[in-house]
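Me: I would like to learn how to read the features of a model one at a time. Could you take me through this one, giving the general idea before each case?

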Amino acid sequence: MPDSRKFIENLSGAGKTIGVLTSGGDAQGMNAAVRAVVRMGIYVGAKVYFVHEGYQGMVDGGDNIKEASWESVSSMLQVGGTVIGSARCKDFRTHEGRLRAALNLVQHGITNLCVIGGDGSLTGANLFREEWSGLLNELVQSGQISEEAAQTHSTLHIVGMVGSIDNDFCGTDMTIGTDSALHRIIEVVDAIMTTAQSHQRTFVLEVMGRHCGYLALVSALACGADWVLIPELPPQDDWEEQMCQKLSESRLRGSRLNIIIVAEGATDRHGNPISSNAVKELVVRCLGFDTRVTILGHVQRGGTPSAFDRILASRMGVEAVLALLEASPGTPACVVSLCGNQAVRVPLMECVQMTQEVQKAMDEMRFEDAVKLRGRSFENNLNTYKLLSHHKIDTELPNSTFNVAVLNVGAPAAGMNAAVRSAIRVGITEGHTMFAVSDGFEGFYKGQIKEIKWGDVGGWTGQGGSLLGTKRTLPAKHIDKIAEQMRIHNINALLLIGGFEAYLGLMELQAARSKHTELCVPMVMVPATVSNNIPGSDLSIGADTALNAITDTCDRIKQSASGTKRRVFIIETMGGYCGYLATVGGLAAGADAAYIYEEPFDIRDLQSNVEHLTEKMKTSIQRGLVLRNENSSENYTTDFIYQLYTEEGKGVFDCRKNVLGHMQQGGAPSPFDRNFGTKIAAKAMLWISKKLKEFYKEGRVFANTEDSACLLGMRRRALVFQPVVQLKDETDFVHRIPKEQWWLRLRPLMKILAKYKTSYDVSDSGQLEHIVRPRAKDGSAF
């Protein structure tokens with residue numbers, strides 16, 4: 001059977017010229033996108049031009065349009081904002097302005113544009129494309145360009161990437177800059193919570209989002225805010241009374257602080273603005289609480305881009321160049337976007353029209369429609385927040401006599417506590433009695449099990465490590481005692497949150513069902529490990545926080561050599577035998593090489609890497625970065641690689657090494673891990689409720705089917721429940737890794753951006769997908 005795969009080496013950019021610009025408001029990660037476009041463009045043989053100052057630079061021409069070189073995008077990956085400048089351009093809105101822009105592009109031979117901006121910038125780009133042939137005709141008639149030039153440049157191809165901290169663009173789960181803005185917000189919230197607790201204060205935080213409440217909603221979810229106000233779903237008419245009642249109940253349960261998050265565009269159901277100061281005055285007037293207002297403002301736009309934004313922007317930038325290479329005269333302008341964990345292309349105007357429909361729905365007070373139009377990710381966030389925010393009183397709870405136990409297993413991972421909090425509160429909302437098991441399976445067989453209430457998990461979302469306590473102990477040796485504890489506490493379901501030990505533990509519990517009927521209950525595992533090595537899931541809770549720790553440290557280490565002689569840093573990362581942290585951390589930090597177990601290497605590869613770095617060091621590049629996974633090779637240790645590079649680089653560069661160690665496991669969880677942990681644990685608990693009803697017969701729960709012991713994992717675009725026995729064939733148990741790992745496809749991308757010639761399978765690229773329109777409850781499309 002012929003190989004149908006498509007490789008980058010079969011795509012040529014020879015003779016093509018690409019212009020890259022950033023437009024509208026700046027967003028962290030734009031520089032990573034620009035860097036990826038430039039380097040991928042040069043790699044395939046195209047010429048790439050910077051268009052400085054956005055559309056204004058395109059209209060003004062001259063020095064605003066400059067050819068980019070490989071070195072010109074060095075050291076910009078970690079820089080916030082956009083180094084090529086951005087401006088809101090009134091001239092481009094006029095026909096005369098677009099005519100001048102067309103002339104400037106033709107003079108530089110540019111017929112491919114990569115536009116990084118918001119919906120206004122992308123709409124302008126599409127209009128420019130539609131007018132292109134007419135503009136060229138005008139330029140020919142006025143004698144500014146020749147007929148031949150018009151024919152040579154007859155088609156303008158447009159590919160967009162959405163750079164916007166608001167995440168207000170339909171057609172993508174995340175826009176470039178959103179995750180970094182959430183980092184800024186959560187850093188402030190975490191700092192405010194300590195002072196608020198000291199003084200028993202209420203804080204009202206105003207975040208950006210004039211027309212979109214994504215930042216407010218996700219930061220509320222990530223910090224466990226008491227109340228959130230967003231433009232898409234204004235509160236009910238009696239919201240003032242409801243909010244004050246909720247704040248009061250929170251204080252009565254022992255809480256010493258309250259957090260209220262307000263999107264700057266929040267309104268009531270009648271379109272009247274709700275300001276942060278108005279909320280403060282309401283709390284003071286009705287409750288007498290000491291209340292302060294903090295308006296975050298442009299802090300949210302600034303600072304270093306997060307690891308997520310660097311990876312997202314790098315992937316999008318490469319995909320944008322591929323889209324331009326494959327474009328034909330009939331190809332519509334497209335946007336490179338993120339769906340789950342997949343990079344996809346969607347028609348630009350479909351996205352713009354859907355984004356405009358959201359605003360129309362809000363203007364027409366069709367708020368439920370507005371939420372659905374925002375997309376699956378937004379709606380899931382909102383539903384999870386609603387589920388967790390309201391503490392139902394006993395009379396409101398469903399009649400249930402089920403006991404559900406939650407435990408952490410394996411090494412600690414940031415975000416575990418957010419997942420536990422979510423599971424406990426959703427379980428209580430579902431009417432279950434929730435039990436917390438301390439110290440994993442070790443605590444389980446010792447009987448360290450106690451009931452846990454709603455208020456017991458308050459403030460857990462921002463805490464690192466595992467507050468329940470976690471151990472690597474497996475259950476097989478203590479299965480009799482664990483079954484006895486299950487019987488003593490009448491445990492009807494189990495939720496395991498942890499790493500590879502949790503995965504193995506779940507298998508051992510299921511295997512013991514034949515001997516212990518107490519274990520015939522619904523069981524589900526949620527992956528939580530910095531190593532991201534769990535079969536059945538593309539992502540694990542804790543991996544994003546570890547990536548940010550690696551990226552931040554690499555930034556500091558590289559900066560330490562600023563202004564000194566040429567230097568290469570050898571950095572060792574965690575991960576066991578899984579090279580996820582080394583590879584994806586290397587992509588985020590701009591590494592020159594990343595050594596991992598999954599891709600065997602020998603002395604010739606090491607020598608080749610040294611020679612490659614030596615060549616780079618002879619140009620203006622002064623620093624090199626090499627990452628090594630801790631178990632990548634038994635013999636080629638970090639010390640060995642350090643000594644080899646030191647010896648071979650004599651006279652050109654010197655070397656330093658750094659073992660990052662357990663700092664990758666520590667620290668406060670990132671917004672992504674808080675949000676991911678909260679949502680995945682809530683989904684797991686709803687699954688448990690469903691299975692308890694399904695398997696409750698004749699007065700007891702009895703679950704002995706394969707699908708009653710599942711792992712809940714992220715697979716490409718969705719969260720999927722998978723029977724754990726069906727994952728055995730996907731697992732390398734010796735090295736504790738999945739046999740197939742999606743992120744290995746990113747390795748060629750890292751190498752290309754580090755100037756290595758390599759083979760890159762782009763078979764997944766190229767499919768233009770259409771936006772799936774949500775449907776109203778009555779079945780009619782909006």
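Predicted model: local features only at pLDDT ≥ 70, side-chain atom pairs only at ≥ 80, totals over all residues.

Me: What is the phi of K755, and is K755 buried, partly exposed or exposed?

Reply: Buried means under 20% relative accessible area, exposed over 50%, and partly exposed in between (1.4 Å probe, protein chains only). K755 counts as partly exposed because its relative accessibility is 38%, and its phi is positive, about 80°, although K755 is not a glycine.

Me: Where is N167 placed, and why does N167 count as buried?

Reply: N167 belongs to the loop between strand 5 and helix 6 (178–199), and it counts as buried because its relative accessibility is 7%. Its phi is near 55°, a positive value in a residue other than glycine.

Me: Which residues is I752 in contact with, leaving aside its neighbours within four places in sequence?

Reply: Contact means heavy atoms within 4.5 Å. I752, in helix 23 (residues 747–753), is in contact with M40, Y43, W70, T758 and Y760 once its neighbours within four places in sequence are left aside. At 1% relative accessibility I752 counts as buried, and the C-alpha atoms of I752 and V44 are 10.0 Å apart in space although the two residues are 708 residues apart in sequence.

Me: How many residues does helix 3 have, and which elements are included in what covers its buried residues?

Reply: The expected span of a helix is 1.5 Å times one less than its number of residues. Helix 3 (residues 95–107) has 13 residues and reaches 19 Å from its first C-alpha to its last, close to the 18 Å expected. Its buried residues include R98, L99, N104 and V106, and the cover over the buried residues includes helix 2 (54–60), strand 3 (65–67), strand 4 (112–117), helix 4 (119–141) and helix 5 (147–152). Just after helix 3, G109 takes a positive phi of about 75°.

Me: Which residues touch the most other members in the largest nonpolar core?

Reply: A nonpolar core is a set of buried Ala, Val, Leu, Ile, Met, Phe, Trp, Tyr and Cys residues joined through side-chain atoms within 4.5 Å. In the largest nonpolar core, of 155 residues, M161, I259, I261, L495 and Y580 touch the most other members. Helix 10 (residues 307–326) gives the largest share of this core, 13 residues. Apart from this core lies another, of 47 residues, with Y55, M58, V358 and I771 among them.

Me: Which residues line the largest cavity?

Reply: On a 1 Å grid over the protein atoms alone, a cavity is a set of points where a 1.4 Å probe fits but cannot get out, and lining residues have an atom within 4 Å of a point. The lining of the largest cavity is formed by M161, V162, T172, M174, T175, I176, L312, M316, V336 and S337. The elements that give two or more residues to this lining are strand 5 (157–162), helix 10 and strand 10 (334–339).

How values were computed:
Residues numbered from 1 in each chain as written. Heavy atoms only, no water. Helix = DSSP H or I, 4+ residues; strand = E, 2+ residues; numbered from the N terminus. 1 Å grid on protein atoms, 1.4 Å probe; cavity = no way out; pocket = protein on both sides within 12 Å on 5 of 7 lines; lining within 4 Å.
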